[in-house]
Amino acid sequence: MSAAMETVPSTFGRIAVIGAGAWGAALANVAARAGREVLLLARDAAAAEQVREAGASPHLPDIKLDPTVTVLAGPQAARDADAVLMVVPAQAHAGVAAALAPVLPEGTPVVACAKGIERGTRRFMTEAIAQNLPQAVPAILSGPSFASDVARGLPTAITLAAADTGIAQKLAHTLGTTTFRPYHSDDVRGVEIGGAAKNVLAIAVGIVHGKKLGASAAAALTTRGFAELTRFGRAFGARIETLTGLSGLGDLILTCSSRQSRNFSLGIAIGDGLSPDEARRGGLLAEGAFTAPVLVEMARERQVDMPIATAVAAVLDGRLSVDGAIEALLTRPFKAEH
């Protein structure tokens, strides 16, 4: 087939980005650079006006929004969108999905852009969407990405998954540019697990940095943490190629190596001597703090050994000191690596 006759990939033309935080602003810029009509939806009229006046998210004030982005208020303004990016905290996904239910047309893709597991229900993000917004087509976007890098247009690659491969491909072509590279997948659960578990493990590696235990210890903990992530993922049906890809290993490497990661920074503060409550008073959302106890409960039910995640959960809820957690990990029985 000649180049002139090749089929041009189909795309979604009008994108609603729900959430005007740093990541929402970054993804709004991504969609605008890709040539889409973009609606950025803040939580209320006052928040929307603040973003419009500044031309930027208050959480990313130094990076201007693309001038073609329209800023509106409330999730209901997504009613005319061809696809929706839900860029709100993991624990808020269910509520926002329920707010969309009366207005969103049947078959609209709704892409979860948070990395976590819902407390209480133990639902993954696409499950929270599906159960509260049954007419939607749930999808998940995850991978090694910091909002400031993405907003500036620095090179980034992520994974975009939906159960329907055609929808995943269409979403990837909708958002893809020369600097933002979505790789599509139909392994929704694998992508969700990579994003959720790596946040918990990043807290552990941050604690190691805060305690100044050295780069060798950090590398060892990251590697053994990835083994935990893989065991958990396989127990829940994830594919190994997903877990070793961008949304698993790739995101773990990024999150465990930079203070731009809120989870890593939370761990550093705890390792440096702050209590978990004191470390969280800075106001930055570290999704891993919410995910840790749920991850451990789910692992225990499936008899998945996750000593690092278990130690993080115990430290966060005050059942174990940092020194006690380190001692518990260092005194585990010697065994074969695999």
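Author: The second largest pocket holds about 730 Å³ of space. A pocket here is an open set of points on a 1 Å grid over the protein atoms alone, where a 1.4 Å probe fits, with protein on both sides within 12 Å along at least five of seven lines, and a lining residue has an atom within 4 Å of a point. The points are joined across faces, edges and corners, and the volume is the space filled by probe spheres set on them. The model is a predicted one, in which local features need pLDDT of at least 70 and side-chain atom pairs count only at pLDDT 80 or more, while totals for chains, interfaces and linings use all residues. Residues are numbered from 1 along each chain as its sequence is written, and side-chain values use heavy atoms, with hydrogens and water left out.

Of the 27 residues that line this second largest pocket, L221, R224, I308, L329 and L330 are the closest to its centre. At least two lining residues come from each of α7, α8 (215-235), α14 (307-316) and α15 (322-330), these being DSSP runs numbered from the N terminus, with helices (H or I) of at least four residues and strands (E) of at least two. The largest share, six residues, is supplied by α8. By class, the lining of the second largest pocket has 20 nonpolar, no polar and seven charged residues, where Ala, Val, Leu, Ile, Met, Phe, Trp, Tyr, Cys and Pro count as nonpolar, Asp, Glu, Lys and Arg as charged, and the others, Gly among them, as polar.

For comparison, the largest pocket has a volume of about 1200 Å³, and it is lined by 43 residues, of which G21, A22, W23, R262 and L285 are the closest to its centre. Among the elements that give two or more residues to that lining are α7 (188-210), α1 (22-33) and β2 (37-42). The lining of the largest pocket divides into 22 nonpolar, 15 polar and six charged residues.

F236 lies in the loop between α8 and α9 (240-243), whereas F124 lies in the loop between β5 (109-112) and α4 (125-132), 112 residues apart, and their pair links distant parts of the chain. Rings of Phe, Tyr and Trp (its six-membered ring) pair if their centres lie within 6.5 Å, with planes under 30 degrees apart counted as stacked, over 60 as edge-to-face and the rest as tilted. F124 and F236 are edge-to-face, at 6.4 Å centre to centre and 75 degrees between the planes. Ring pairs join F124, F232 and F236 into a cluster. F124 is buried at 3% relative accessible area, and F236 also counts as buried, at 17%, the term buried standing for under 20%, exposed for over 50% and partly exposed for what lies in between (1.4 Å probe, protein chains only). R302 lies over the face of F236, 4.0 Å from the ring centre, and a charge sits over a ring if NZ of Lys or CZ of Arg is within 6 Å of the ring centre and within 35 degrees of the ring normal.
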